[in-house]
Amino acid sequence: MFKKIISLADDKVKKWDVVTNQPAMKIDKVRVDDSPIVLIRARSILKGYSCMELFEQIYDSENRKKWDTVTTQLKILEQVDDKTDVIHFVIKTPFGCSNRDFVQKKRVLSRLPQKRPYRG
């Protein structure tokens, strides 16, 4: 079902447009041909935290509910493989606007040895 979206996100042929390019954060976007869909990818450097601390706060949906005041719903739609989920989440918007929902590929790639598979 979501294989086409995942293949588009991994497409090496398309040119991603830079939205933000700062020392600690980079955000890129690409528009999907013949579609209103815009894919976004982001990378950030957060100092003062271990990799596992950050990972657990972002990836584990129960931990995320404790600090993320923008996301109102988050659920796994499909487990593609042991490192990739397709999730649906809803974010709050300002008064007068409808909340926005997104489908996102959530993928774990690590160079660190992992003691256990992590599912959030």
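This is a predicted model: local features need pLDDT of at least 70, side-chain atom pairs count only at pLDDT 80 or more; totals for chains, interfaces and linings use all residues.
The secondary structure of the protein consists of three helices and six strands, arranged along the sequence in the order α-β-β-β-α-α-β-β-β. Of the 120 residues, 22% are buried. Among contacts with a separation of 6 or more, 26% involve residues 24 or more positions apart. The accessible surface amounts to about 9,500 Å², and carbon and sulfur atoms contribute 56% of that area.

Two aromatic pairs were identified in the protein. In one, the pair of Phe55 and Tyr59 is classed as stacked because the ring centres lie 5.0 Å apart and the planes meet at 10°, under the limit of 30 degrees. Both residues belong to helix α2 (residues 51-59), where a spacing of four residues corresponds to about one turn of the helix. Phe55 and Tyr59 are both buried.

Phe89 and Phe102 form another stacked pair, with a centre-to-centre distance of 5.3 Å and an angle of 25° between the planes. This pair links distant parts of the chain, as Phe89 lies in strand β5 (residues 84-91) and Phe102 in strand β6 (residues 100-107), 13 residues apart. Phe89 has a relative accessibility of 15% and therefore counts as buried, whereas Phe102, at 37%, counts as partly exposed.

Charged side chains are also placed over aromatic rings. The charged end of Lys106 sits over the ring of Tyr59, at 4.0 Å from the ring centre; Tyr59 is also the stacking partner of Phe55. The charged end of Arg41 is positioned over the ring of Trp16, 4.1 Å from its centre.

Definitions and conventions
Residues are numbered from 1 along each chain as its sequence is written. Side-chain values use heavy atoms; hydrogens and water are left out. Helices (H or I, at least four residues) and strands (E, at least two) are DSSP runs, numbered from the N terminus. Buried means under 20% relative accessible area, exposed over 50%, partly exposed in between (1.4 Å probe, protein chains only). Contact means heavy atoms within 4.5 Å. Accessible areas come from the Shrake-Rupley method with a 1.4 Å probe; for residues, only the protein chains shown count as cover. Rings of Phe, Tyr and Trp (its six-membered ring) pair if their centres lie within 6.5 Å; planes under 30 degrees apart count as stacked, over 60 as edge-to-face and the rest as tilted. A charge sits over a ring if NZ of Lys or CZ of Arg is within 6 Å of the ring centre and within 35 degrees of the ring normal.
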